[in-house]
Amino acid sequence: MSAAFKAAYPNSDFGPTLNADAVRFSLQMLRYTEMFAGNPVPGFAVATTYDGSNRLSVRTYTERTAHAAADTPTRSAAQRFVMRVTYTYNGSGQLSKIRGEVSANSGTTFSNWVDLEGNSFYNFTFTAGQLTSEDWSAS
Amino acid sequence: MSAALAVIGQLTNKAFRQATPGTFSFTPTISGWYWITTMGGGRAGGAVTFSAAGHGGMYVRMRHFLTAGTAYSYTVGSGGVFGGTVNGGNTSFTGPVFTQTSLGAIAGTGARTDGVTTDNANATLSGDTVWQGALTSAAVGTRAGGCGCFVGGTHASSYAGGAASMYANGGNANGAGAGGNGALGSGGGSGSTAGGNGGHGFLEIESMGTA
């Protein structure tokens with residue numbers, strides 16, 4: 001699922017219904033953005049696992065309530081949004097990679113949460129032990 | 001918070017364990033003395049009667065003076081895999097003065113440099129901080145070698161248990177199924193249907209303080 005926000009305005013080609021859908025879609029993308037950054041999001045519970053060095057390993061955000069109505073265009077009725085954020089560390093024990101995956105069917109299946117270029121990994125680059133750059137990547 | 005986490009990790013990265021086999025580099029952010037602990041991989045058990053199970057890996061703990069910003073290479077050895085590479089891999093750290101190596105367990109001599117090949121030999125201390133890997137045997141009815149507070153795996157019928165490591169018991173033998181797996185450098189037990197895998201080695205780094 002692309003993280004690109006949808007901007008739409010009612011006009012002759014793009015009516016109020018599509019516009020409302022775009023707003024819902026963008027709202028969910030905003031929620032995912034907050035989750036990817038590690039922040040709490042109203043309506044979502046978080047489960048966290050740790051690796052052998054007690055570092056963050058996986059944080060899973062799960063929508064607390066399965067709404068009866070579908071959330072067009074992203075989620076069917078009675079399903080929950082889930083985001084899984086995976087943290088990877090380099091040989092110096094530093095956080096080097098974050099990956100986002102999302103599910104619109106209560107965690108049954110996940111797909112990459114990608115940017116406009118299709119990248120789902122956010123990488124941290126260290127030079128001589130110092131964090132010097134951050135960027136999206138396909139791996 | 002993502003970037004904040006990365007920065008916090010950079011600033012507070014004083015100690016960690018690398019338990020994933022492979023080759024990595026460690027770049028300290030502070031110059032000073034570091035304790036490096038290395039554990040070699042354990043050997044896998046076999047699936048032939050009276051065959052030896054897996055020996056345990058070697059434990060080594062030594063000091064290195066590391067310089068901030070310099071990348072130091074290290075390798076974490078895999079545990080032996082039944083049906084694959086059965087020997088444990090070496091775990092090593094390339095320090096500025098010397099390379100510290102914990103032997104992975106191999107057939108016969110295990111993970112020892114002292115020449116001891118006695119059946120079910122317990123791990124023994126050499127020098128200040130080196131523990132020669134415990135050994136197993138094909139002898140029936142005896143327990144494989146132990147190490148520190150951990151014990152070797154038990155023998156079962158004609159199958160031998162794996163030797164212990166400094167951090168884990170050896171895998172138990174199984175006369176009616178697969179041998180138990182080792183963990184954290186211990187050896188896998190042998191079994192009638194399959195041998196247990198050896199435990200992976202690992203490396204730990206801890207800062208002792210600034211220069």
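Biologist: In chain A, what share of the contacts with a separation of 6 or more is accounted for by residues 24 or more positions apart?

Modeller: Two residues are in contact if their C-beta atoms, placed from the backbone, lie within 7 Å, and in chain A the residues 24 or more positions apart account for 38% of the contacts with a separation of 6 or more. The model is predicted, with pLDDT of at least 70 needed for local features and 80 or more for side-chain atom pairs to count, whereas totals for chains, interfaces and linings use all residues. Residues are numbered from 1 along each chain as its sequence is written, while chains are lettered from A and ligands numbered from 1 in the order in which they are written.

Biologist: Which pattern does chain A follow when read along the sequence?

Modeller: Helices (H or I, at least four residues) and strands (E, at least two) are DSSP runs, numbered from the N terminus. Chain A has one helix and seven strands, in the pattern α-β-β-β-β-β-β-β.

Biologist: How many bridges join β6(A) to β7(A)?

Modeller: Strands pair if DSSP finds at least two bridges between them; here β6(A) and β7(A) run antiparallel and are joined by seven bridges, with T127(A) opposite Q130(A) in β7(A). The hairpin of these strands has two residues between them, and A128(A) takes a positive phi near 50 degrees.

Biologist: How many residues of chain A are in contact with chain B?

Modeller: There are 20, in contact with 21 residues of chain B. The elements giving two or more residues to that side of chain A are β4 (95-103), β6 (121-127) and β7 (130-137). Counting Ala, Val, Leu, Ile, Met, Phe, Trp, Tyr, Cys and Pro as nonpolar, Asp, Glu, Lys and Arg as charged, and the others, Gly among them, as polar, this side of chain A has nine nonpolar, ten polar and one charged residues.

Biologist: Which residues have the most contacts inside the largest nonpolar core?

Modeller: In soluble globular proteins, nonpolar side chains tend to be buried together. A nonpolar core is a set of buried Ala, Val, Leu, Ile, Met, Phe, Trp, Tyr and Cys residues joined through C-beta atoms within 7 Å, and a residue is buried if 20 or more other C-beta atoms lie within 10 Å of its own, exposed if 12 or fewer, and partly exposed in between. The largest core has 41 residues, and A134(B), C147(B), A164(B) and L203(B) have the most contacts inside it. Apart from this core lies another, of 19 residues, among them V82(A), Y87(A), I98(A) and V102(A).
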